[in-house]
Amino acid sequence: MSATTPPARAYNRLVTSGWNRLAAIYNNPLAQRVLYRPPQDEIIDQLRRADIRRIADVGCGTGILAARIQQELQPDVIYGCDASPGMLRQAKTRSGQVNWINRRAEDLGLPAGSVDAVVSTHAFHFFDQPGALAEFHRILSPGGLLAIVVINPRSRFAPLLQPTAIQGVAYFPPPAEMRELIVAAGFRVVEQRAVRRPIPEAFVPDQLTVARSD
């Protein structure tokens, strides 16, 4: 890790070790269908419409989205990046064509400008967000696509539910703050909306935020 790489938050070791143990539970078909497949569908639609050929899925977990991208879009290159060795052990059983990388979001180790899209579903709340966004901007080509799905609580009381101690484990920025973080990292936000789901939005209040690197 270089001297300029942002330091890991205290949650990184906790999250990584926890997901090592929970990787099998994460693959539960019901959880995938209700919680994870709808945002994955949104991401794939964004990539397909933009005809993106070089992609990094950051916080890829057990590799379901990265493997789907490989199978459905057949890009020139797809990276599946995760800090959890346990998650990546599961991921590697899905596809031998995805380039699986055991790295933190803040230090992906890819060359500058090496991908045309960075995507992330339900992992951004675990990252050092300014550090991760800076790294995403670094590895993206000019005009590259950023697409993130994360719970963005829209209640004005949301900050009260995220005291400092909880923020050390995970932080869910409200929509306006999410846009500010992305813009501050050198992106232009082009879309932000709720993920389309077969259940009411109140049950899973996540949002898709799409941006382009300047």
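Hi everyone, and thanks for having me. One thing to keep in mind from the start: what you see above is a predicted model.

Let's begin with the sheet. How many strands does the open sheet have, and in what order? There are seven, and they run β3-β2-β1-β4-β5-β7-β6, with mixed pairing. Going from one strand to the next, the twist averages 15°.

On one side, β5 (residues 140-151) pairs with β4 (residues 115-121) in the parallel sense, over six bridges. You can pick out individual partners here: Val118 is bridged to Leu146 in β5, and Ser120 is bridged to Ile148. On the β7 side, the pairing is antiparallel, and seven bridges join β5 to β7. Ile148 turns up again there, with Thr209 as its bridge partner in β7. So is β5 enclosed or open? Largely enclosed by the rest of the structure, because nine of its twelve residues are buried.

How do we get from β4 to β5? Through helix α5: together, β4, α5 and β5 make a right-handed β-α-β unit. Helix α5 covers residues 129-139, and its buried residues are Gln129, Gly131, Ala132, Leu133, Glu135, Phe136 and Ile139. Those buried residues pack against β1, β4, β5, α7 and β6. At the N-terminal end of α5 sits a cap, Asp128, with a side-chain oxygen 3.0 Å from the backbone nitrogen of Gly131.

In soluble globular proteins, nonpolar side chains tend to be buried together. In this model, the largest nonpolar core has 28 residues, and the members that touch the most others are Val118, Leu133, Phe136 and Leu146. The elements giving two or more residues to this core are β1, β2, β4, α5, β5 and α7. Do find Phe136 on your screen. Leaving out residues up to four places away in sequence, Phe136 touches Val58, Ala105, Leu108, Val118, Phe127, Leu146, Ile148 and Phe187. There is also a second, separate core of 23 residues, and its members include Ala66, Ile78, Val119 and Leu145.

Next, the β6 end of the sheet. Please look for Gln192, which lies in strand β6. Between Gln192 and Ile148 there are 44 residues in sequence, yet their C-alpha atoms are 9.6 Å apart in space. What does the side chain of Gln192 reach? The backbone oxygen of Pro175, at 3.3 Å. Setting aside residues up to four places away in sequence, the residues Gln192 touches are Pro175, Met178, Arg179, Gln207, Leu208 and Thr209.

Is Asp206 buried or exposed? Buried, with a relative accessible area of 0%. Its side chain is joined to that of Arg197 by a polar contact of 2.5 Å. Beyond its neighbours within four places in sequence, Asp206 is in contact with several residues, among them Pro39, His122, Val149 and Ala194.

Last stop: two loops. Most residues other than glycine have a negative phi. Asp51 has a positive one, near 50°, and sits in the loop between α2 (29-50) and β1 (54-58). Gln74 also has a positive phi, about 45°, in the loop between α3 (64-73) and β2 (77-81). Are these two buried or exposed? Asp51 is exposed, with a relative accessible area of 53%. Gln74 is exposed as well, at 55%.

That's my tour, and I'm happy to take questions.

Key:
Residues numbered from 1 in each chain as written. Predicted model: local features only at pLDDT ≥ 70, side-chain atom pairs only at ≥ 80, totals over all residues. Heavy atoms only, no water. Pairing = 2+ DSSP bridges. Helix = DSSP H or I, 4+ residues; strand = E, 2+ residues; numbered from the N terminus. Axes fitted to C-alpha atoms, helices over the stretch in contact; angles between N-to-C directions. Contact = heavy atoms within 4.5 Å. Polar contact = N/O pair within 3.5 Å; in protein donor to acceptor, adjacent residues only side chain to side chain. Buried < 20%, exposed > 50% of the residue type's maximum accessible area, 1.4 Å probe, protein only. Right-handed = clockwise from strand over helix to strand, strands pointing away. Core = buried A, V, L, I, M, F, W, Y, C linked by side-chain atoms within 4.5 Å.
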